[in-house]
Amino acid sequence: MPTAVLTDHERTAVQAYLRLLQTVRAAMDAPSGAGRPVVVPPSALAEAERALAAAGLEGNEEAFFRLLHTWCPEV
């Protein structure tokens with residue numbers, strides 16, 4: 001289990017990212033109909049963007065992924 005202590009905003013950002021990741025994986029795994037592109041709901045992207053901004057991580061992917069790896073190394 002991770003030892004890093006996250007702030008509420010950081011935890012929310014990590015959770016939003018994990019939900020977005022699961023949504024993208026589900027969309028990619030779904031059978032494509034008539035060659036349609038994979039569609040990820042805009043609300044999933046917006047949630048992740050809001051959470052990153054609230055945590056002060058917007059535009060700082062390196063810090064976010066370091067935080068994510070510390071908290072959830074299997075991702």
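**A tour of the salt bridges**

Start by selecting arginine 19 and glutamate 47: these two form a salt bridge, with their closest N and O atoms 2.4 Å apart. The pair ties together distant parts of the chain, since arginine 19 sits in helix H1 and glutamate 47 in helix H2 (residues 42–54), 28 residues apart. A salt bridge here is a side-chain nitrogen of Lys or Arg within 4 Å of a carboxyl oxygen of Asp or Glu.

Before moving on, note that this is a predicted model, in which local features need pLDDT of at least 70 and side-chain atom pairs count only at pLDDT 80 or more, while totals for chains, interfaces and linings use all residues. Residues are numbered from 1 along each chain as its sequence is written, and side-chain values use heavy atoms, leaving out hydrogens and water.

Now colour by accessibility. Arginine 19 is partly exposed at 36% relative accessible area, and glutamate 47 is partly exposed at 26% (buried is under 20%, exposed over 50%, partly exposed in between, with a 1.4 Å probe and protein chains only).

Next, select arginine 11 and aspartate 8, whose side chains meet in a salt bridge at 2.9 Å, N to O. Both lie in helix H1 (residues 8–29), three residues apart, about one turn of the helix. Helices are DSSP runs of H or I, at least four residues long, numbered from the N terminus. Aspartate 8 is exposed at 56%, whereas arginine 11 is partly exposed at 29%.

Finally, go to helix H3 (residues 61–71), where arginine 66 and glutamate 62 are four residues apart, about one helical turn. Their side chains meet in a salt bridge at 3.4 Å, N to O. Glutamate 62 is exposed, at 59%.

How many salt bridges does a search of the whole structure find? There are three.

Notes:
Helix = DSSP H or I, 4+ residues; strand = E, 2+ residues; numbered from the N terminus.
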